[in-house]
Amino acid sequence: MPSLSPKVLPTADVTPAQLEHGHSPWHDAWARLRKNKLAVAGGIALLALTLLCICGPWFSQTYQDQNLDLGATPPGAAHWLGTDTLGRDLFARILYGGRISLMVGLVATFVALTIGVTYGAIAGFLGGKTDRVMMRIVDIMYALPFTIFVILLMVFMKEPSEKLDAWLRNTVHLEGMQGAGNMVLLFAAIGAVEWLTMSRIVRGQVLSVKKMEFIEAAHSLGYGRRRIIFRHIIPNILGPIIVYATLTVPAVMLLEAFLSFLGLGVQPPMSSWGALIKDGAEKMEEFWWLLVFPGSVFSLTLFSLNFLGDGLRDALDVRASKD
Amino acid sequence: MADPILELTDVQTHFPIYSGFVRKRLVGTVKAVDGVTLAVERGEVLGLVGESGCGKSTLARTIMQLVPLTGGTVVLNGKNLAANSATEMRETRRGMQMVFQDPYASLNPRMTVFATLAEPLLVHRVCPAAEVPARVARLMETVGLAPRFVQKYPHEFSGGQRQRIAIARALALEPKIIIADEPVSALDVSIQAQILNLLAQLCRSMGLSLIFIAHDLSVVKHISDRVAVMYLGKIVELGTAEDVIDRPRHPYTRALVSAIPTPNPDVERARQRLVLPGDPPSPIDPPAGCAFHPRCPYAQEKCKLAVPPLIADGPNREVACVRLGEI
């Protein structure tokens, strides 16, 4: 189907120069967001951290280079943030751990978003018995204790995940990707839990939007269900979805930290922020820097995400938009 | 009834009410529309009036198939809508379109005017894709909007302009009949006349039929050929606009007509108003017999006995009142 927004409208009556372009609601929301200093600062901090985590390791030691003679050294000129008890550079480990933590945060949120939005939108749109059955399934999954669910998943999926690892090592020769099977498990486990709330939020939003007159108009214009859900309903509930997504990322990163803390997440010598904080917490009485630096970076990220999320909520709020 | 475009026969729309937490029990039925028989001719403007909650909007949504039909038939252009399959239904539905009450809610806020007007053209392949922009520009001109606003969003327009966009969208599929559900009640009085005149002029120039729903008789009289008066899901009086408004027969219509304010203060002061006691009864549990009898100044015992049918009263005139000859 051709685009609904041609760049110019070639008719005899209107030349492109005469055409008046409007501001979309997204454009207005962006303008409001830019005025929110905290949200902008959060966004910039996140961008900087992400870039640092992606590019930093190119210039530093790797997470597993160790110097046992060195042992734990406090922050200094050679090792900016000090080293851990095995003589590994803490700054390098934080950058590598950040790659894992940020990736888990983004990928697991994306998984939760995709499943949750589709599921919730279908349940809300169809309504009636379908809705009731679908939401009872969500209720049942809510009731499962998360840790037990993850432990079960890890146990049952151990073999496939090891096979994936072996395949990566032997067939594709991606040595650096070892532990990927475990990562996929982590995404699956966290995504499988986080989509529940998302689907509830989306269902509620769909219920309120589908009663609006422009949806009735879409029905009377004879549009199909898929078009109505994906082109008319979902674009109008994207605001709450985006906001919830930005608040899900920190929640997911905390979950990953919790799982790593339990030894179910990232396995050594790899690390994540959660794993680093766990190590640091065990040794904080002697080697304070092992806790303080990973902890500050993690907190900074969570703060930034929350400020950005709050800013987005204010910017995208329909009630705040000019009418 | 020479050549009706839309025929309603004994149309009923009932909404069941369920109660109970685990096991749902049927505790009652809202008879929002309860046996409406009506025909709209080609090119005719039919006004539909009645107070809030009498079922006018539900009737409109039932005709548009937005709520399921409980009983009766809706025949559009000779085709029974209930007999259609889903795909045929979408095709037939092109023949009728609706203009909604609130232009602030009836346009998708995330779509430009172009997207709103082009979408029906593209979905139903009304014309080759290359002709869509020209077609959109023509639609905008038809409803009195400058085509240069085509890339703007609904929130950048006034209420009246938005209602024009909504009318253009309804016209996109070249319907035979438009159902306008209180299209001006959300607008400023100064804008109302513009929209009314636009609708009237479109019907004349394009030969469209129009069902115009309102709760304001003076608006209806301005635009309609015929007027139907609804009370509690039923039509109680039907006739030409002059007959119904200048010579109302049913007591309910009389009360409605007596409530029309007149611009002349001397006449207005002397005006005798027929004020109805009480509120309209609940459509869940309508009164026995004539649903109007508890509020009717002329009610007698016989009014409680049977539901009065619509009886012909002269040419082009039907009234549902037992005491028609007596009052």
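User: What share of the 323 residues of chain A counts as buried?
Analyst: In chain A, 38% of the 323 residues are buried, where buried means 20 or more other C-beta atoms within 10 Å of the residue's own, exposed means 12 or fewer, and partly exposed lies in between, with C-beta atoms placed from the backbone. This is a predicted model, in which local features need pLDDT of at least 70 and side-chain atom pairs count only at pLDDT 80 or more, while totals for chains, interfaces and linings use all residues. Residues are numbered from 1 along each chain as its sequence is written, and chains are lettered from A and ligands numbered from 1 in the order in which they are written.

User: And how many helices and strands does chain A have?
Analyst: Chain A has 11 helices and zero strands; helices (H or I, at least four residues) and strands (E, at least two) are DSSP runs, numbered from the N terminus.

User: At what angle do α3 and α4 of chain A cross?
Analyst: The axes of α3 (residues 90–126) and α4 (residues 128–143) of chain A cross at roughly 145 degrees and come within 7 Å. Axes are lines fitted to C-alpha atoms, for helices over the stretch in contact, and angles run from 0 to 180 degrees between N-to-C directions. Among the contact residues are A:Tyr119 and A:Leu126 of α3(A), and A:Met134 and A:Met135 of α4(A); contact requires C-beta atoms, placed from the backbone, within 7 Å.

User: Changing topic, how many residues of chain B are in contact with chain A?
Analyst: On chain B, 38 residues are in contact with 33 residues of chain A. The largest share of that side of chain B, seven residues, comes from α3(B).

User: What is the strand order of the open sheet in chain B?
Analyst: The four strands have the order β2-β1-β4-β5 (chain B), with antiparallel pairing; two strands pair if DSSP finds at least two bridges between them. β2 (25–41) and β5 (79–80) of chain B each have a single partner strand, so one side of each is left without a neighbour in the sheet. Between β1 (residues 4–19) of chain B and β2(B) there are 13 bridges, and B:Val11 has B:Val36 in β2(B) as its bridge partner.

User: Finally, is B:Thr262 buried or exposed?
Analyst: B:Thr262 is exposed because 12 other C-beta atoms lie within 10 Å. B:Thr262 sits in the loop between α9 (251–258) and α10 (265–270) of chain B. Leaving aside residues up to four places away in sequence, B:Thr262 touches B:Val267, B:Glu268 and B:Arg271.

How values were computed: Two residues are in contact if their C-beta atoms, placed from the backbone, lie within 7 Å.
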